Amino acid sequence: MVLEYIKQPWKTLYLAYHVPATLCVLPVWTVIYALPIFRPQPGWSWGHAIRIALCRRLNTISFSVGGITPLPDHHAIVSSKEAQGIWIDGAPELITADLKLWTAISKVESTRIPGYWFGKNGIVPEPKTPVQPGEKVFLFLHGGGYTALSAHPRSLTSVIPRCLIELSSTVPHALAVEYRLSSTHPLPVRHPFPTALLDALAGYNYLVNVAGYHPSNIIVVGDSAGVENKGVTDVRLPGPPGGLILLAPWTDLSDSHDIPGSSSFNNTGDIIDDITDKVGLTYYSKRAFLGPYGLGMAATNRYISPASLDPLANTRFTGFPRTFIQAGGAERLLDQMRTLRDKMVADMGEDNVTYYEAPEAIHDYLAFPWHPACPPTLEAIQKWLS
């Protein structure tokens, strides 16, 4: 189970057994995957199948102990050669309507959090202010089920903003927001919805009112759980962003897509998705994120599950900025991402929604530079940016 061995001495004992055991099983994988019939996806190479198996094993270990090595969080800025840390003040003035009510129910508030600037190779990470007219920027919201990982360069997903800023000379910087992570038993119950959204808004406000970017020059990027639907009636934005890049977005926290024959059941070769049932990660993340609202709210809330198939769900995308959606053909979230695509196209038109699906690719594969789908996907994003 997730976090089952988080306390000492059980964490040390668990790691002392499972890390060496992983090394012992490597030769077994090399033999098994020599035969294509035993590889999770028919198009995977022998080496690719072994890498996926190793990553799945390490992720299982990490989820069971709450992380093999600690990552920075919202409490402090941790210095790094790859990025420049800054403090981002809260923006309570942007909260209104339903979002204000949900904030009161969850007993959370907008507060100061860290952020990390990434700069294109050869330039300083933090842009000079005020920025040049027309200069664009990525606002990056990392994945991790709202309960794990970090905006810091040491985190697995930091490779994504570092790759994106190399794609276009017009977008030389990315600001990664260290939003507060949700948690629940056996950890303290903290930071449920809409905490992550409040912190994302603070990052957006910083880019506009401190760094000096025009809203139309901000491209919001989220991988996995890093982006939420933003209802314009509930957020007093200084202006809409110029674009959205949704990388393997988790857009339905309900069970509306969990039906026989769906990707939820059929796609079992993924690094992340295939182990979530084994360690209970998905259920833990839902409980932690939904907090006082319970699992029932996931089916109809447009912020939490914009791709929900529930008939009571009322998510509309009219007026949203142009959007790029990336999906992996082997991941369990595939069907809900296709639903999101269809809903956005219906409201925004095909010209404003670009959908890229990599055949037989795993969840959030852009976080793994060795994955064969990375180069063509980055090329597609580069074309979308131009």
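Is asparagine 301 buried or exposed, and what is its relative accessible area? The legends below take up this residue first and then turn to other parts of the structure.

**View 1. Asparagine 301 in the loop between α8 and β7.** This is a predicted model, in which local features need a pLDDT of at least 70 and side-chain atom pairs count only at pLDDT 80 or more, while totals for chains, interfaces and linings use all residues. Residues are numbered from 1 along each chain as its sequence is written, and side-chain values use heavy atoms, with hydrogens and water left out. Asparagine 301 is buried, with a relative accessible area of 5%, where buried means under 20% relative accessible area, exposed means over 50%, and partly exposed lies in between (1.4 Å probe, protein chains only). A polar atom of the asparagine 301 side chain lies 2.8 Å from the backbone nitrogen of tyrosine 303. When residues up to four places away in sequence are not counted, asparagine 301 touches Trp102, Phe193 and Pro306, contact being defined as heavy atoms within 4.5 Å.

**View 2. Helix α8 and the glycine that follows.** Helices (H or I, at least four residues) and strands (E, at least two) are DSSP runs, numbered from the N terminus. Helix α8 covers residues 281-290, and it is largely enclosed by the rest of the structure because 7 of its 10 residues are buried. The buried residues of α8 include Leu281, Tyr284, Lys286 and Phe289. Glycine 291 comes after α8 and has a positive phi, near 50 degrees. Phenylalanine 320 also belongs to the loop between α8 and β7, and with a relative accessible area of 18% this residue is buried. Between phenylalanine 320 and isoleucine 381, which are 61 residues apart in sequence, the C-alpha to C-alpha distance is 18 Å.

**View 3. The open sheet of 8 strands.** The strands follow the order β1-β2-β4-β3-β5-β6-β7-β8, and their pairing is mixed; two strands pair if DSSP finds at least two bridges between them. Strands β1 (84-88) and β8 (353-358) stand at the edges with a single partner strand each, so one side of each is left without a neighbour in the sheet. On average, neighbouring strands of this sheet are turned by 20 degrees against each other, direction ignored; the axes are lines fitted to C-alpha atoms, for helices over the stretch in contact, and angles run from 0 to 180 degrees between N-to-C directions.

View 4. Strand β7 (residues 323-328) runs parallel to β8 and is joined to it by 6 bridges. Glutamine 326 has tyrosine 356 of β8 as its bridge partner, and isoleucine 325 stands opposite tyrosine 355 in β8. Strands β6 and β7 also pair in the parallel sense, over 4 bridges, with phenylalanine 324 in β7 as the bridge partner of isoleucine 245. Because 6 of the 6 residues of β7 are buried, this strand is largely enclosed by the rest of the structure. Both of its faces are covered, with Thr323, Ile325 and Ala327 buried on one side and Phe324, Gln326 and Gly328 buried on the other.

**View 5. Helix α9 across the sheet strands β6, β7 and β8.** Together, β7, α9 and β8 make a right-handed β-α-β unit, a crossover being right-handed if, with the strands pointing away from the viewer, the path from the first strand over the helix to the second runs clockwise.

**View 6. Isoleucine 61 in helix α2.** Helix α2 spans residues 46-65, and its isoleucine 61 counts as buried at 1% relative accessibility. Neighbours within four places in sequence aside, isoleucine 61 is in contact with Tyr14, Leu15, His18, Val19, Thr22 and Ile68.

Notes
Polar contact = N/O pair within 3.5 Å; in protein donor to acceptor, adjacent residues only side chain to side chain.
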